[in-house]
Amino acid sequence: AWINPLRSDKRVSIQDRGPQTLVQRAWNIPGYCESDNALMQIAGNILADGKNSRLYQRLVYKDQTATSVRAFTFPFEIGTPFVIDAFVRPGADAAAVEAAINQEVERFLKEGPSADELKRLKTKYFASWIRGLEGIDGFTGKSSILAHYQVYCGSADHYKTEIATVKKAGAREVRATAQNWLSHGSVTLTVEPFAEFTTATSGADRSKLPELGPPPALKLPALQRTTLSNGLKVVLAESHAAPLVQMNLMLDAGFAADSVGAKPGTASLTLGMMDEGTKTRDALAISARKEDLGAEMGAGSDLDSSYLTLNALKLNLAPSLELFGDVLMNPSFPPKELERLRKRVLAGIAQEKADAGGIAS
């Protein structure tokens, strides 16, 4: 389980192509199979399920600031979002809707459900169950119920536990559970419609293109150069936008060299085999080590050059370079990997022959 209650309230505001503003508030609560989840579903239904729910009565009937309101949870196993959202009536104030939601939640946490609310909710809950059991398939039928609880809870008959929890739930227990989980931090999301824009009839001469201004100056990092004791030339460009190191080892020979004593495709196949095995690591060990380090490696060739590349986290640069050096200096070219790669390359060539771009190339 990973519930991760928030320590403070957070806000997010976005725009979307919709006719109404949406106000949504969400908390993290226990996973679907926990008894607290069932109790929180009771709380949510009392708050916003049906015309007699507290938020529907407040927002849709009394204030008439929202056109709909609901409370729901997602059936997630290790942690669940508990969500209340409302569509703001066009012309109404979204801030007023949000304030009303918060007021009703606070009132519920203070008072808890009434006996009538709890009785009505339980009747509605069991009636929904019975109607669902009339079917065999679908989201509420017998087979779906058994599969649902088997997948999420590890037992096809876990629904009996949930039903028992709802059946014996008292007002004090529901209130205490809601207080426990809704007193933590939450996320409030406001989704507002994009403003409607129209083309201006004046202010711009649309009979000609606007005058072009000067292009922005291209600022490239200064290149630093040195030569290692083995004759390898090093060119360094520093950019500190992200803690990554990108390294390309370039060799002055590409697949054009295949024309000198080698079959076409030899260079590409050779470079493709570089990370398929070394003297101490097989292909899977190399791949696993890359994933452990968060590194990316590649090799290939073009007409006039061959290259091996490394993209490494700055934090793991030293061990990533060790792996890169092993692939570069100790390739073993395992026969079984060569045959696997050969089949893949031949299949790729066949695909090229069926593609207009590949044929032209």
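Here are some questions and answers about how the descriptions of this predicted model are reached.

The model is predicted, so local features need pLDDT of at least 70 and side-chain atom pairs count only at pLDDT 80 or more, while totals for chains, interfaces and linings use all residues. Residues are numbered from 1 along each chain as its sequence is written, and side-chain values use heavy atoms, with hydrogens and water left out.

Q: What makes up the count of helices and strands in the chain?
A: Helices are DSSP runs of H or I with at least four residues, and strands are runs of E with at least two, numbered from the N terminus. The chain has 12 helices and 10 strands.

Q: Why is the chain called more spread out than a compact globule?
A: The globule rule is 2.2 Å times the number of residues to the power 0.38, and the radius of gyration is taken over C-alpha atoms. For 361 residues the rule gives 21 Å, but the radius of gyration of the chain is 32 Å, well over that value, so the chain is more spread out than a compact globule. Its C-alpha atoms fill a box of roughly 90 × 65 × 45 Å along the principal axes.

Q: Why are Cys 33 and Cys 153 said to form a disulfide?
A: A disulfide is a pair of cysteine sulfur atoms within 2.5 Å. The sulfur atoms of Cys 33 and Cys 153 are 2.0 Å apart, and they form a disulfide. By this rule the count comes to one disulfide.

Q: Which parts of the chain does this pair link?
A: Cys 33 is in the loop between β2 (22–29) and α1 (35–48), and Cys 153 is in helix α5 (residues 142–153).

Q: How do you know whether Cys 33 is buried or exposed?
A: Buried means under 20% relative accessible area, exposed over 50%, and partly exposed in between, using a 1.4 Å probe and protein chains only. Cys 33 has 19% relative accessibility, so Cys 33 counts as buried. Of the 361 residues of the chain, 32% count as buried.

Q: What makes Gln 64 partly exposed?
A: Gln 64 has 48% relative accessibility, so Gln 64 counts as partly exposed. Gln 64 lies in the loop between α2 (54–62) and β3 (66–73).
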